[in-house]
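Please look over the sequence and the model shown below before reading on.

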Amino acid sequence: MTEAYIFEAERRDLAMVAREMFNRKNTNVAGGNISVKVTAPRDINYGSVHVKKDHQYLIMTPTFMSEAWFGKLSGAQILVVDLESGQQIDGVGRLTREINMHIGAYEANPGIKVVYHSHAEESMFWATIGQDMPNVTEITAVNQTLGKIKCLPYKEACSQELADQVHASLLSLGDDALENIFLLNSHGVLITCTDLHEATRILETVEWNAKIAYQETIFKSLGLIKQYQSCGKNSDAFLD
């Protein structure tokens with residue numbers, strides 16, 4: 001079957017994920033954006049648009065994904081961006097100003113295939129107080145090798161300073177950047193991953209962890225528990 005537009009299957013899939021991110025309240029109407037790195041399998045012409053074999057592109061949600069469309073995007077609304085130049089070559093809508101953060105993340109490690117940014121409600125609590133999130137649930141502490149859920153120092157949204165900080169922080173992780181989540185101080189979360197649906201799972205499981213960690217913190221402050229509880233142990237090790 002001939003595709004109606006460039007990377008049709010991948011763009012339809014990303015549109016579906018963006019819609020579910022909004023519907024499941026993993027972002028809000030203030031924004032959020034997702035990009036996926038794709039490689040053209042061959043030289044293809046779609047009207048005036050040409051994609052080059054083995055060249056890397058991003059498919060990416062447009063700006064105002066949440067504000068204007070409440071996450072209800074079609075595949076054709078997903079943008080196609082030349083990763084090398086940063087220029088939009090296809091898609092209905094405009095490129096987000098946070099493209100610099102996405103490109104900074106991809107440049108930190110060539111193995112990163114997905115950059116997933118949202119304003120997730122429970123995680124935003126930890127991000128807003130500028131504190132690393134205690135990692136207490138089994139799926140985040142053990143089954144996913146996320147380690148410490150680190151909050152980066154505050155940098156203004158969409159700024160080059162934020163993009164540079166994300167790049168440097170991911171670079172310092174080496175291959176751990178291939179499955180990672182950062183809290184962006186007062187801004188939200190940033191996930192880097194090798195698969196779009198795996199990134200979605202990381203976001204949702206970390207959201208549950210954020211809520212449970214908040215409740216455990218309340219219990220600690222009330223003296224009902226002495227330490228964070230996780231995997232059958234009394235330990236603060238999950239903060240390390």
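## Basis of the description

Strands, as named here, are DSSP runs of E with at least two residues, and they are numbered from the N terminus. The model is a predicted one, and the descriptions that follow should be read with that in mind.

## Two loop residues with positive phi

Serine 186 is placed in the loop that joins β9 (180-184) to β10 (188-193), and although serine 186 is not a glycine, its phi is positive, at about 65°. With a relative accessible area of 40%, serine 186 is partly exposed, because that class covers values between 20% and 50%.

Aspartate 54, which belongs to the loop between β3 (49-51) and β4 (56-60), likewise has a positive phi, near 65°, in a residue other than glycine. Its relative accessibility is 55%, and aspartate 54 therefore counts as exposed, the cut-off for that class being over 50%.

## The largest pocket

The largest pocket has a volume of about 300 Å³, and 20 residues line it, with Ala30, Thr63, Thr96, Glu98 and Cys158 lying nearest its centre. By residue class, the lining of this pocket is made up of seven nonpolar, nine polar and four charged residues.

## Packing of α2 and α5

Helix α2 (residues 99-108) packs with helix α5 (residues 160-173) at an angle of about 20°, and their axes are 8 Å apart. Because angles under 35 degrees count as roughly parallel, α2 is described as roughly parallel to α5. The crossing that α2 and α5 make is right-handed.

Note on methods. Residues numbered from 1 in each chain as written. Predicted model: local features only at pLDDT ≥ 70, side-chain atom pairs only at ≥ 80, totals over all residues. Heavy atoms only, no water. Helix = DSSP H or I, 4+ residues; strand = E, 2+ residues; numbered from the N terminus. Buried < 20%, exposed > 50% of the residue type's maximum accessible area, 1.4 Å probe, protein only. 1 Å grid on protein atoms, 1.4 Å probe; cavity = no way out; pocket = protein on both sides within 12 Å on 5 of 7 lines; lining within 4 Å. Points joined across faces, edges and corners; volume = space filled by probe spheres on them. Nonpolar A, V, L, I, M, F, W, Y, C, P; charged D, E, K, R; others polar. Axes fitted to C-alpha atoms, helices over the stretch in contact; angles between N-to-C directions. Parallel < 35°, antiparallel > 145°, perpendicular 65-115°, else oblique. Left-handed = near helix turned anticlockwise from the far one by under 90°.
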